[in-house]
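Hi everyone, and thanks for coming. Please have a look at the structure on the screen, and then I'll walk you through a few parts of it.

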Amino acid sequence: MLDKELRSMIGQVKDGRMDRRAFIKRMAAVGLTAPLANQILALGGVAMAEGPSTYKPTKRGGGGALKLLWWQGPTLLNPHFATGTKDQDGSRLFYEPLACWDPDGNMKLVLASEIPSIQNGLLAADGKSVTWKLKPGVKWHDGKPFTADDIVFTWEYIIDPATAAITVATYRDITVEKVDDLTVRITFKKPTPFWADAFVGAPNTIIPKHLFADYKGSKSREAPTNLSPVGTGPYKFVEFKPGDLVRGQLNPDYHMPNRPYFDTVEMKGGGDAVSAARAVIQTGEYDFGWNIQVEDDVLLRLEKGGKGKTIYAVGGDTEFIALNFTDPNTEVDGEKSSMKTKHPLFSDPAVRKALSLLIDRESVKKAIYGRAGRTTANFLNGPEKFVSKNTSWEFSIEKASKILDDAGWKPGADGIREKDGKKLKLLYQTSINGPRQKTQAIVKQACQKAGIDVELKSVVASVFFSSDVANPDTYAKFYADIEMFQIPLSQPDPSQHMRRFLSTNVATKENKWQGTNFPRWINKDYDAAIEAAESEMDPLKRAEHYIKANDLMYQDTVFIPVQHRLKVEAAANNLRPIISGWANETDNLHDWYREE
Amino acid sequence: MSQYVLRRLLIAIPSLLGISVVLFVVLALAPGDPFSELATNPNVPPEVQAALRAKFGLDDPIHLRYLHWLNAMLHGDWGFSFVSRMNVDTLILQRLPATLYVIGSAQILALLIAIPVGVYAATKPYSLFDQIANTLAFVGFSLPTFFTGILFILIFSVTLDWLPFVYTTDIKATGIHWVLEMIRQAIMPVAVLGLFQAASMTRFVRSAMLDVIRLDYVTTARAKGLGQATVIVKHVMRNAMIPVVTLIALQMPAVFGGAIVTEQIFRIPGIGSLLISSILSNDTPVVMAVTFVFACLVVLFNLIADVLYGWLDPRISLR
């Protein structure tokens, strides 16, 4: 059904009867991200248009210094070793990908000269290969020419297991070959609707072969270029002090006309988010502050009569509560939350359903996230206009109580519901983080009113997110009934996200809890849908499978989305930064300028 | 004398070894690992994390890792940062100038305030000056630096807009402007730290002076007809300074260690902020190196204090 509908919609876009934006909006309504929708259009034969440019300056340079404040400064400058987005952000000042994403999820060309599409013959109709044409005349900062060899080398560098590149997942199933000096072809093992992943965006920038060739594999950590990058970007490397400062200066040979606008760029690290907001918004010492996770009240106060403002970018980051489908309190073969157990309370769907009615998302938004949050019923979220209307959420203590009453969970003498001697008591864990603890309090209060006793637990983030096998408090072990956090949507495609929850990926003692399915939710239909999606030749049918998978998760209440979180940045009033929710903050840095 | 120093240095070896074992074991047992941030990224396969752990030797047993570290340290290799992928000594040397400049200036400021004020207050105990100095000293060390730091920022940066509150290491000016800018940006952190140190030190100097000033030989010196200044500076201060020297010597390692809170507030790229960010990201080699340097400095300055005693008071013989 959806398949047919999609086909006719693509036909309408082709004939010009339907607006491109409207198509993306419809796609997003069924849970697809804007960049993916654009790529489906490309596969359907509608060429992807490059996003519009808002860049005004008419000459290169003359913009003075651009002062960026990253309260967690980059600690290394090799994008393929980045331990966090901060390192990708720092590397992106110097290194470049083939293309990047604009705020609407449109592709913008950087080192490529043409957006691949079926019309121009660069994209294979079966989605099994894509050819990229490179811009001619691009030079590395040391004057050597940039060619297809560099791209092939970057791929070889990453897939060498001894290099231990963090980007390896994107590259290990593809083959990259040189067609000529300015053309590369990427071949996929399977039809790949999300073909614009390798070499696209800040995490996937290209490194120079002539400087890294001797430092591939086990010698990778000795490369001097790890600390003094030589790229193709708008700024040339000047100085790097890990955690403190990255400095660059205008690249006079930059390949884009009239860019960059600023003469120098400086990225200062250290401190905390509140004082970063103050230095940008209130005193104007800095032009741009990254990731301003500060309470909205504080930001509103700083903005009054200040020199800067906050800006928001819509992406796909969702804060959620995950439910444990195994029993965290019973030990089987030295393993808690073992697959051999069933959760004593959540095995009753009524309890899960009731719990989802007890999360007061509106209050969480009002009291905690303010302008930086949106209420949602979806696990996957897109730009505001595009958010799904198919799913819905509700906060109702009465309805939750009724569902529990009907299912036979009756309040005991202490007001806590029980059934067959099992009490409705939940352990609710999350990482230590102001907004998360406040959310916990809001949820606990509502649950109490409905006769569910909730015990709160918070774990230091460095432990909660660690892979430490010996530690019982990691999110992957999930020795609690429910847990709350956020998995960043690191690429604008749901496949990586959805793969996590296959029943073969369950986190167990056997795989040292490296399995990605931490709720330990098993659903054959889900597995079938994901498998079908991954071996599906037709991108439209693939989309349909993902939507089905998404619905299964929603029906089973595996996750209760708490808040769709937006990126929050601080910028000087006259700065014109381009921030996309689908990309790193510095991904569009070449287009930044200052309004005179 | 030289024999004494040599013997003390030899005694220091086992104690430093003991310290290093304790530090290493505590750090190895601490929860979390440096690659934890990768865990939430669905795009990073768990094998990469495992490969990185293996690459940096995190999966070896503790005693092997310790011996490995000790061997490297003896060869002058301070280790390799997991997070920055560079040598730890380079990382520390990068941070040292800012720390020495800011924290060193704060210590000098503290001494410049504490010694004259403490000495003068002791010569006129319970006078109006003494009362005021005492009150201010109490206020000074009752207010923590994270409070005064933010207060200074609100007054001098936000309201008055006189001073910057983000410390930068790459000031664009040259010559005299560079010097002026360096001073300008250091005023607030130096004042915050210096005044806090000065407060407790003033109290200390005052009480040390009071202990000595009542002794008979001071009365004798006065009876000989020596002037007040000579009595105070030559007779009283020299003796009163012995405990003060101990205090200062023991505080010297802190000068190198930086002031974690103050460095964080003003974004001073010093050792203290390196330590805290390394702890937060579980970068054990860096934490190990920095804390071990502290331990060495504490041992060293204890020795220096002892040697200084002999010079200040010839009656103390070092054997």
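Let me start with a question: in which sense do β1(A) and strand β10 (residues 288-289) of chain A pair, and over how many bridges? They pair in the parallel sense, over two bridges. For strands, pairing here requires at least two bridges found by DSSP, and the strands themselves are DSSP runs (E, at least two residues), while helices are H or I runs of at least four, numbered from the N terminus.

A word on what you are looking at. This is a predicted model, where local features need pLDDT of at least 70 and side-chain atom pairs count only at pLDDT 80 or more, while totals for chains, interfaces and linings use all residues. Residues are numbered from 1 along each chain as its sequence is written, and chains are lettered from A and ligands numbered from 1 in the order in which they are written.

Back to β1(A), residues 65-70. Strand β9 (residues 264-269) of chain A also runs parallel to β1(A), joined by six bridges. Find Leu68(A): its bridge partner in β9(A) is Met267(A), and in β10(A) it is Phe288(A). Five of the six residues of β1(A) are buried, meaning that 20 or more other C-beta atoms, placed from the backbone, lie within 10 Å of the residue's own.

Elsewhere in chain A there is an open, antiparallel sheet of three strands, in the order β13-β14-β15. β13 (410-411) and β15 (422-423) are at the edges with a single partner strand each, so one side of each has no neighbour in the sheet. Strand β14 (residues 417-419) and β15(A) share two bridges, and Glu418(A) has Lys423(A) as its bridge partner in β15(A).

Now over to where the chains meet. On chain B, 43 residues are in contact with 45 residues of chain A; contact means C-beta atoms, placed from the backbone, within 7 Å. Helices α2 (46-55), α4 (88-123), α6 (145-159) and α11 (271-280) of chain B each supply at least two residues of that side. Which helix gives the largest share? That is α2(B), with six residues.

Let's finish on α11(B). Seven of its 10 residues are buried, so the rest of the structure largely encloses this helix. Among the buried ones are Ile271(B), Leu274(B) and Ser278(B). After α11(B) comes Asn282(B), with a positive phi near 55°.

Methods. Two residues are in contact if their C-beta atoms, placed from the backbone, lie within 7 Å. A residue is buried if 20 or more other C-beta atoms lie within 10 Å of its own, exposed if 12 or fewer, and partly exposed in between; C-beta atoms are placed from the backbone.
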